[in-house]
Amino acid sequence: MRIRTTALLLTFLGILVVFNFAHTQNAPEASEKGKEVYEDSCAHCHGVEGRGDGSAAENLLPKPRDFTRGLYKIRSTEAGQLPTDQDLFDIITDGMPGSSMPPWDTALSANDRWEVVAYIKTFYDGFKESENPPKQITLAGKIPYAEQSVETGKDLYVELGCVECHGNVGRGDGTSAPTLEDSWGFQTWPANLTQGWNYRGGADTEDIFKRFIGGIAGSPMPAFEGDSFLNFGLTTEESKRLIELENKDEMTEAEEEESGKFYEKMDAAVDIALTIKEGGEVSAADIQTYNDAMKVVYEKSWHLANYVKSLMPAKRPEPAIGNNVLRSQYVQDALPPIDDAAWETFEAKYFPLVGQVVIEPRQFNPTIDGVHVRSFYNDTEVAFLFIWDDRTQTTGDETDETTGKPLEDALAVQFPVKVPQGPTAPKPYFLWGGRLPVYLWHWKASAPEQVTEFTAKGINNAEVQEAQGELKAQGIYTDGQYKLWVKRALKTDDKKDLQLEPGVFVPIAFSAWDGANGDVDTKRVITSWYTFVLEPVPSSKRFIYPPLIALLSVGFLFGLRAFVQRKNSENA
């Protein structure tokens with residue numbers, strides 16, 4: 001038995017060693033194979049010489065990585081360090097969500113991906129010149145996700161200035177957002193922290209923590225380093241006290257002296273951090289001072305990572321298909337207005353949006369991820385609440401250089417003029433119809449309380465309906481998010497309008513424009529056809545059948561009891 005146990009243990013340890021090796025593998029020496037795979041699969045975007053200037057690069061935002069600069073955004077290494085081979089392999093494998101970099105885990109074998117890693121490293125001499133392996137970020141001292149940590153992180157989010165780029169609630173709508181550029185001079189947008197599925201380096205708290213400590217090289221997102229971190233060198237309590245003092249209209253002489261000592265302590269810690277960063281000599285006492293200061297930075301970073309994690313759902317919402325189809329809820333009374341709490345009583349349905357790339361001008365770099373929808377109806381009307389994130393509010397003050405048309409945020413909701421009879425019946429072409437026309441509601445940010453009805457027979461063939469129905473609308477923009485409320489009669493006298501009735505499944509589709517992203521005309525984000533239905537009105541019979549069945553059951557039991565008693569008396 002002991003021999004068998006030992007053999008099993010050795011086998012298990014062997015598996016662990018193999019598993020560990022597979023996840024710490026270094027890239028092979030660069031080869032012709034790596035060059036071949038790179039030029040076949042990667043050069044279209046990144047360029048033959050790795051400068052990020054491939055044939056497709058012009059249409060992409062963010063721009064493809066320029067490998068010759070040695071600046072890599074997603075790393076497990078500290079600020080100023082090159083990525084590990086595993087970091088490069090993981091990015092090739094998993095891709096960069098929210099960008100044009102796809103995952104290559106199915107298109108390329110693991111060996112091919114390692115060959116590409118080796119070849120990419122030839123574009124930057126720093127990989128060859130580095131004598132020591134890159135210093136990786138330690139995850140020791142992780143602070144578990146907890147409510148108190150989230151609250152602490154929420155305060156730090158404001159204190160550290162995260163709101164300036166990422167906005168009050170993390171939707172990437174901060175005051176600095178429209179002006180940000182990367183190291184190559186291209187416009188770049190801060191992450192929408194509420195959409196974890198688009199995090200390019202992963203959405204676990206450990207991944208978020210790494211972005212804070214290592215920064216995102218080449219982007220405006222800094223690393224939390226000693227020479228730049230707010231109040232570096234102070235304890236958490238000292239930092240709070242300094243902020244308290246600075247918020248005073250006037251300090252006493254003693255408070256001025258106290259504040260001055262805090263700044264002396266910070267200056268000393270920053271000097272030590274810069275000396276270490278530049279490779280200078282420092283004493284053991286200086287190293288201890290630096291480590292104590294960095295311990296505070298790490299603790300705050302974990303709290304902040306937990307707060308950022310709290311801003312996102314556990315997973316990306318499921319699209320509105322199958323069991324998730326949009327179902328308009330019946331109410332007997334008046335339909336709720338835009339700010340009514342009734343809208344929060346059930347989950348919104350999610351319609352993912354993608355760039356329109358079928359017809360010029362195309363949108364290869366969409367910024368609107370999806371639209372969330374809820375709906376109520378009563379005996380005569382239906383109301384919808386549409387919600388979507390947009391980092392900027394754009395109302396048509398600027399014009400597109402190519403077309404001369406206003407750049408403006410907008411949303412279009414598309415229905416067929418006639419509901420297809422049955423699941424196999426043909427629908428109009430999803431890009432605003434064709435031979436079969438579509439009926440559209442078109443809303444613009446410059447007229448937030450107006451929806452215009454269109455009939456379209458093609459994406460470039462839409463006409464305003466001569467007879468506009470009595471649609472009521474209200475649009476609100478707050479903290480990087482639009483809410484649009486639209487109400488209309490179920491039935492109208494216009495043959496070009498969609499007629500609605502309970503229990504009938506109706507195709508629905510969306511187009512959205514982000515003016516700040518250059519969206520205009522066909523350059524937009526779209527969905528294909530989805531479905532919604534007015535939930536059938538609950539029958540009043542459901543209140544009659546249960547008590548009737550209960551009475552019949554009781555009567556049956558009494559009858560059965562009488563029958564048994566009669567039989568027993570006869571046998572006696």
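Reader: What are the ground rules for the numbering and the values?

Author: Residues are numbered from 1 along each chain as its sequence is written, and side-chain values use heavy atoms, with hydrogens and water left out. Since the model is predicted, local features need pLDDT of at least 70 and side-chain atom pairs count only at pLDDT 80 or more, whereas totals for chains, interfaces and linings use all residues.

Reader: How many helices and strands are there, and what makes a run count as one?

Author: The protein has 13 helices and 16 strands, where helices (H or I, at least four residues) and strands (E, at least two) are DSSP runs numbered from the N terminus. Of the contacts with a separation of 6 or more, 65% join residues 24 or more positions apart, a contact being heavy atoms within 4.5 Å.

Reader: Why is F415 called buried, and what is the corresponding value for W441?

Author: Buried means under 20% relative accessible area, exposed means over 50%, and partly exposed lies in between (1.4 Å probe, protein chains only). F415 has 1% relative accessibility and therefore counts as buried, and W441, with a relative accessible area of 4%, is buried as well. Across the protein, buried residues make up 43% of the 572 residues.

Reader: On which side of the cut-off does G196 fall, buried or exposed?

Author: With a relative accessible area of 9%, G196 is buried. G196 is in the loop between α8 (163-166) and α9 (205-214), and its contacts, apart from neighbours within four places in sequence, are A203 and M312. The C-alpha atoms of G196 and K315, 119 residues apart along the chain, are separated by 7.5 Å.

Reader: How do you know that α9 is mostly covered?

Author: In α9, 9 of its 10 residues are buried, among them I208, F209, F212 and I213. What covers these buried residues includes α12 (284-310). After α9 comes G215, with a positive phi near 70 degrees.

Reader: What makes a set of residues a nonpolar core, and which members of the largest core touch the most others?

Author: A nonpolar core is a set of buried Ala, Val, Leu, Ile, Met, Phe, Trp, Tyr and Cys residues joined through side-chain atoms within 4.5 Å. The largest one has 38 residues, of which F351, F386, W388, F415, W441, F510 and F532 touch the most other members. Strands that each supply at least two residues of this core include β4 (370-377), β8 (410-416), β9 (438-444) and β16 (530-534). A second, separate core of 28 residues includes I137, V297, Y298 and W302.

Reader: Why is the pair of Y38 and F67 called edge-to-face?

Author: Rings of Phe, Tyr and Trp (its six-membered ring) pair if their centres lie within 6.5 Å, and planes under 30 degrees apart count as stacked, over 60 as edge-to-face and the rest as tilted. The rings of Y38 and F67 have centres 6.4 Å apart and planes at 65 degrees, so the pair is edge-to-face. Y38 is in helix α2 and F67 in the loop between α3 (43-46) and α4 (85-94), 29 residues apart, and both residues are buried. F415 and W441 also form an edge-to-face pair, at 5.0 Å centre to centre and 65 degrees between the planes. That pair links strand β8 with strand β9, the two residues being 26 residues apart.

Reader: What makes α2 roughly perpendicular to α5?

Author: Helix α2 (residues 32-41) and helix α5 (residues 110-120) pack at an angle of about 95 degrees, with their axes 8 Å apart. Axes are lines fitted to C-alpha atoms, for helices over the stretch in contact, and angles run from 0 to 180 degrees between N-to-C directions. Angles under 35 degrees count as roughly parallel, over 145 as roughly antiparallel, 65 to 115 as roughly perpendicular and the rest as oblique, so α2 is roughly perpendicular to α5. The contact involves residues including V37 and Y38 of α2 and V116 and Y119 of α5.
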